[in-house]
Amino acid sequence: MAHIISWNVNGLRAVAKKGFLEWFQSESPDILCLQETKAHPDQLDASLLEVPGYHSYWAAAEKRGYSGVAVYSKTEPLRVALTGDDRFDREGRVLEVDYGDFVVLNSYFPNSQAAGARLDYKLAFCDTMLTRCDALRAAGKNMIICGDYNIAHKPIDLKNPKSNEKNPGYLPEERAWMDTFTGSGYVDTFRMFNQEPGHYTWWSYRFRAREKDIGWRIDYHCVNPEFKDRVESSVILNDVMGSDHCPVKLTVR
């Protein structure tokens, strides 16, 4: 079994002050994928760079204190790569980590922002991800596309769908891309096991949203269809605090 956890920490240095390393040690995943690290490695304490038992890999944004992804792995991967597209690599959006048996794409999808200010950029990123996934699949690779997609796919995936139809993360164009993605065969693993509403991974810091559980499910582990039979479980760790997101955990055999 392999346990893969994905978490948008909304600042690694911030969450490190809230018990991150203790949680990490207790959970002991095989692979931990972080998004929105908001840090270059040279800004981090050694305790975050050299976690006992793990190799760590980093993709930082050119702009300091912004975006960024990281992977901690018990097993040294065969290959670690960026997207190769400077539009996205300069914002530290993706780390592609190849274990031979499967590839993990740790992904921090852009926020389309108010009035869709970055919607074109977001959709370009989405299309680039789908093209890459299709290429890996054509090469016979299995993959886990994990991270903060910044998209609630369906009405079931957020508390107030009607009032959010013109808001970033639930724009028609974003939901249409998720339709295309899943229509291409990629599987939202959480929905393999749970078809109920009321399961969220992100809550606004405003209006005591987490306390009231007024949330969105925008963090995913998706897999190619050829890999789905190896998925044992996909769960939301909504009791883990420290960020406006909570971790999501995938177990595969």
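Colleague: How are residues numbered, and what pLDDT do local features need?
Modeller: Residues are numbered from 1 along each chain as its sequence is written, and side-chain values use heavy atoms, with hydrogens and water left out. This is a predicted model in which totals for chains, interfaces and linings use all residues, side-chain atom pairs count only at pLDDT 80 or more, and local features need pLDDT of at least 70.

Colleague: In what order do the six strands of the open sheet run?
Modeller: Helices (H or I, at least four residues) and strands (E, at least two) are DSSP runs, numbered from the N terminus. Two strands pair if DSSP finds at least two bridges between them. The edge strands, β5 (79-81) and β9 (187-188), each pair on one side only. The pairing is mixed, and the order is β5-β6-β7-β8-β12-β9.

Colleague: Is β8 enclosed or open, and how many of its residues are buried?
Modeller: Buried means under 20% relative accessible area, exposed over 50%, and partly exposed in between (1.4 Å probe, protein chains only). β8 is largely enclosed by the rest of the structure, because its buried residues number six of six.

Colleague: Which residue of β12 is the bridge partner of D148?
Modeller: β8 and β12 run antiparallel. Five bridges join them. The partner of D148 in β12 is D219.

Colleague: How many residues of β12 are buried, and on which faces?
Modeller: In a regular strand the side chains alternate between the two faces of the sheet. In β12, D219, H221 and V223 are buried on one side, and Y220 and C222 on the other. Both faces are covered. The buried count is five of five.

Colleague: How far apart in space are H245 and D219?
Modeller: H245 lies in the loop between β13 and β14. H245 counts as buried because its relative accessibility is 3%. Contact means heavy atoms within 4.5 Å, and beyond its neighbours within four places in sequence H245 is in contact with residues including D148, W202 and D219. H245 and D219 are 26 residues apart in sequence, and their C-alpha to C-alpha distance is 8.2 Å.

Colleague: What is the volume of the largest cavity?
Modeller: On a 1 Å grid over the protein atoms alone, a cavity is a set of points where a 1.4 Å probe fits but cannot get out, a pocket is an open set with protein on both sides within 12 Å along at least five of seven lines, and lining residues have an atom within 4 Å of a point. The structure holds one cavity of 30 Å³ or more. Its lining includes D219, Y220 and H221, and β12 (219-223) and β13 (231-236) each supply at least two lining residues. The volume is about 50 Å³.

Colleague: Which residues lie closest to the centre of the largest pocket?
Modeller: The largest pocket holds about 680 Å³ of space. Its lining has 10 nonpolar, 12 polar and five charged residues. Of the 27 lining residues, the closest to the centre are N111, P168, W202, S204 and W216.

Colleague: Which residues of α2 are buried, and which are exposed?
Modeller: Helix α2 spans residues 20-27, and F20, W23 and F24 are buried. Seen down the axis, these buried residues fall within an arc of 100° (taken from the directions from the helix axis to the C-beta atoms), so they line one face of the helix. What covers them includes β1 (2-8), α1 (12-16) and β4 (69-73). Buried are F20, W23 and F24; exposed, on the other side, are E22, Q25 and S26.

Colleague: Which residue with positive phi follows α2?
Modeller: The phi of this residue is near 50°. The residue after α2 is S28.

Terms used:
Points joined across faces, edges and corners; volume = space filled by probe spheres on them. Nonpolar A, V, L, I, M, F, W, Y, C, P; charged D, E, K, R; others polar.
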